[in-house]
Amino acid sequence: MKTIKIISIVILSVITTLGITLCLYFYRNMNYDKNTDKTISRAGFVEKQVVLADGTILNYGEGKNNGIPLMLIHGQGVNWKNYIEVLPELSKYYHVFAIDCHGHGKSSKNKEKYTAEKMGDDFVWFIENVIGQPAVVSGHSSGGLLTAWLASNSPENVIGIVIEDAPFFATEVQRCRKTFAWLDQFQVIHNFLNQTNELNYIRYYLENCYLQTFFGDSWANIKKYAFNYIEKNPNENLRIFFLPPEMNKAFDLLSGEYDLCFGDTFYDCSWFENFDQTDVLSKIKCPSVLIHTNWSYNNEGILLGAMDGNDALNAHELLQSNKLIKINSGHNSHDEKPKEFNKILIEFLDVIR
């Protein structure tokens, strides 16, 4: 009898623990950004805007003046607050300027500016007129491509660069259609913009994305839940309680703060007008770090990641003073592995001083 009682207590404890763990997991999935603005404010960041002579608005967050300027350039589909996990710590060592790229967040959405060259020119202006002195620049994904463009085309304004998993070479015309990003995002965006039957992009995405091939029959249940959520909460960002924040975050800016026309320029590679990736990398002379995260190819030969190993090594060898660092992380390492990312940026100060 005593043994049965002990076993019952153990089973009850395990069930209770699992229940609490699941509740916490579901709560985090739905509320991961609940304290974003408070955290940013406590870290001393203020959101600001500047208007260029042609009327372009650049929105950005500025931290306290605690050192050398650091310009952060986010990747596609997010905004400057995507750096929330690293902003408080980095602002202790740098004077951080985290910018909303064109077509994202509260910056201007003018599709005529959606090329690396035109965005790069505006970012040079931003460094010279807002930051006011040469800066360290760190960019993630497409922001990493812009980081390389700045260091190559405006070396007098860039002290050093940290490139976070930029899609070098895999984004070139002859290869881009064999990447997850092109199949799951840019092709879907292009097709959505060229049809009129469905007006809600998230619904269209859920029906047509490449991601569903990884979920099999369970995708039907995900769609059913998502469609019901959208119908009941038309003015809110889609949140699927059983999916982790890394997946839910993909829906956040699609509520209106991300211009789909920006993604369309990666469908036809027009964003890369006058941007030769090999040439850009080979002209960079300042100290640099290239962060490479996990990648693989599936059975269809589709690249699941930004770069494969050869791409990263090629970029590393083209950069004249580079350190290649592998992080065991998904594409967004500053969000998934903030301590490792912060360590890289903080140690980089010893390189540039």
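Trainee: The side chain of which residue meets that of Lys343 in a salt bridge?

Mentor: This is a predicted model, in which local features need pLDDT of at least 70 and side-chain atom pairs count only at pLDDT 80 or more, while totals for chains, interfaces and linings use all residues. Residues are numbered from 1 along each chain as its sequence is written, and side-chain values use heavy atoms, with hydrogens and water left out. A salt bridge is a side-chain nitrogen of Lys or Arg within 4 Å of a carboxyl oxygen of Asp or Glu. At 2.7 Å, N to O, the side chain that meets Lys343 is that of Glu347.

Trainee: In which helix do Lys343 and Glu347 both lie?

Mentor: Helices (H or I, at least four residues) and strands (E, at least two) are DSSP runs, numbered from the N terminus. An α-helix has 3.6 residues a turn, so residues three or four places apart point the same way. Lys343 and Glu347 are four residues apart, about one turn, and the helix, residues 338-352, is helix 14.

Trainee: What is the relative accessibility of Glu347?

Mentor: Under 20% relative accessible area is buried, over 50% is exposed, and in between is partly exposed (1.4 Å probe, protein chains only). Glu347 counts as partly exposed because its relative accessibility is 38%.

Trainee: With which residue does Lys113 meet in a salt bridge, 2.8 Å from N to O?

Mentor: The side chains that meet in this salt bridge are those of Lys113 and Asp54. Lys113 is in the loop between strand 4 (94-99) and helix 4, and its partner is in the loop between strand 1 (46-51) and strand 2 (57-62), so the pair links parts 59 residues apart. Lys113 is buried, with a relative accessible area of 11%. A network of salt bridges links Lys113 with Asp122, and the partner at 2.8 Å is Asp54.

Trainee: How many salt bridges are there by this rule?

Mentor: One of them is between Arg203 and Glu198, with the closest N and O atoms 3.5 Å apart. Arg203 is partly exposed at 29%, and Glu198 is partly exposed at 23%. The count comes to 13.

Trainee: Which side chain of opposite charge is nearest to Asp184?

Mentor: Lys and Arg count as positive and Asp and Glu as negative, while His and the chain ends are not counted. Asp184, in helix 6 (residues 180-193), is buried yet has no salt bridge. At 13 Å, the nearest side chain of opposite charge is Lys223.

Trainee: Which side chain is joined to Asp184 by a polar contact of 2.7 Å?

Mentor: A polar contact is a pair of N or O atoms within 3.5 Å; within protein, one must be able to donate a hydrogen and the other to accept it, and residues adjacent in sequence count only if both atoms are side-chain atoms. The backbone nitrogen of Tyr210 lies 3.1 Å from a polar atom of the Asp184 side chain. The side chain joined to Asp184 at 2.7 Å is that of Tyr205.

Trainee: Which residues of helix 7 are buried?

Mentor: Helix 7 spans residues 201-208. At its start, a side-chain oxygen of Asn200 reaches to within 3.0 Å of the backbone nitrogen of Ile202. The cover over its buried residues includes helix 6, helix 8 (219-232), helix 9 (245-252) and helix 10 (260-267). The buried residues are Tyr201, Ile202, Tyr204, Tyr205 and Leu206.

Trainee: Which residues have the most contacts inside the largest nonpolar core?

Mentor: A nonpolar core is a set of buried Ala, Val, Leu, Ile, Met, Phe, Trp, Tyr and Cys residues joined through side-chain atoms within 4.5 Å. The largest one has 75 residues, and those with the most contacts inside it are Phe123 and Phe168.

Trainee: How are the rings of Phe97 and Phe126 paired: stacked, tilted or edge-to-face?

Mentor: Rings of Phe, Tyr and Trp (its six-membered ring) pair if their centres lie within 6.5 Å; planes under 30 degrees apart count as stacked, over 60 as edge-to-face and the rest as tilted. There are 23 aromatic pairs in the structure. For Phe97 and Phe126 the centres are 6.3 Å apart and the planes at 80 degrees, so the pair is edge-to-face.

Trainee: How many residues apart in sequence are the parts that this pair ties together?

Mentor: Phe97 lies in strand 4 and Phe126 in helix 4. Phe97 is buried at 2%, and Phe126 is buried at 0%. The distance in sequence, in residues, is 29.

How values were computed: Contact = heavy atoms within 4.5 Å.
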